[in-house]
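I opened this model to look up a few local features. My notes follow the structure.

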Amino acid sequence: MWWTEPCAAVMPNKNLNSDELKHANELLKDIRERLTNLAAGDPLLLFAYRRKLVKELGYDERGKPTTRALLKALKWGQQNGRCVHCGDELPLKYSELDRKNAVDGYTAENTELVHAQCHHARQAAKRYT
Ligand SMILES: [Zn+2]
């Protein structure tokens, strides 16, 4: 059956080496200092700046929610409303996009639509292989 076809090779996510981790932590420290300076002691402004950065950096990795919603609808149609993982009917409302290679983002070629619980099972399996 179509949903039992083997997946393409999945690349593991890159882990930072010790130098890269040091650079990332330095960058994070700089950003935190800049946020603190920009907020000038206003905790609500610090919160708002922090939320803005988190939101925008999340979009850099995951795309905007409207784009993902359109992709989910497209995949749902392509998969005839069924979960690629278990083959059962898949209510669009409870579906999640699973990226084959996280770094390749949310594209039609790089994603499969699955139940939330099937997504969690896949993620757990990836961690133990
Ligand atoms: Zn499923």
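**Notebook: metal site, cysteines and surface**

I began with Cys118, which is buried, at a relative accessible area of 9%. I count a residue as buried under 20% relative accessible area, exposed over 50% and partly exposed in between, with a 1.4 Å probe and protein chains only.

Notes on the source: this is a predicted model, where local features need pLDDT of at least 70, side-chain atom pairs count only at pLDDT 80 or more, and totals for chains, interfaces and linings use all residues. Residues are numbered from 1 along each chain as its sequence is written, and side-chain values use heavy atoms, with hydrogens and water left out.

Next I asked which residues coordinate the zinc ion. I found Cys83 (SG), Cys86 (SG), His115 (ND1) and Cys118 (SG), at 2.1 to 2.4 Å. Donors here are N, O and S atoms within 2.8 Å of the metal (3.2 Å for Na, K and Ca); water is not among the atoms, so sites may look incomplete.

I checked the geometry of the zinc site and noted it as tetrahedral, with angles of 97 to 119° among the four donor atoms.

I then read the spacing of the donor residues in sequence: C-x2-C-x28-H-x2-C. Cys86 and Cys118 link distant parts of the chain, 32 residues apart. Cys86 sits in the loop between helix 3 (65-78) and strand 1 (95-99), and Cys118 in helix 4 (residues 116-127). Helices (H or I, at least four residues) and strands (E, at least two) are DSSP runs, numbered from the N terminus.

I looked up the cover on two other cysteines. Cys83 is buried, at 0% relative accessibility. Cys86 is partly exposed, at 31%.

I searched for disulfides, meaning pairs of cysteine sulfur atoms within 2.5 Å. The count is zero.

I turned to the loop between helix 3 and strand 1 again, for Tyr94. Is Tyr94 buried or exposed? Tyr94 is exposed, with a relative accessible area of 53%. I also noted 8.6 Å between the C-alpha atoms of Tyr94 and Val114, which are 20 residues apart along the chain.

Last, I looked at Ile31, which lies in helix 1. Ile31 is partly exposed, with a relative accessible area of 32%.

Methods. Four donors count as tetrahedral if all angles lie between 85 and 135 degrees; four count as square planar and six as octahedral if opposite donors are over 155 degrees apart and all others between 65 and 115; anything else is irregular.
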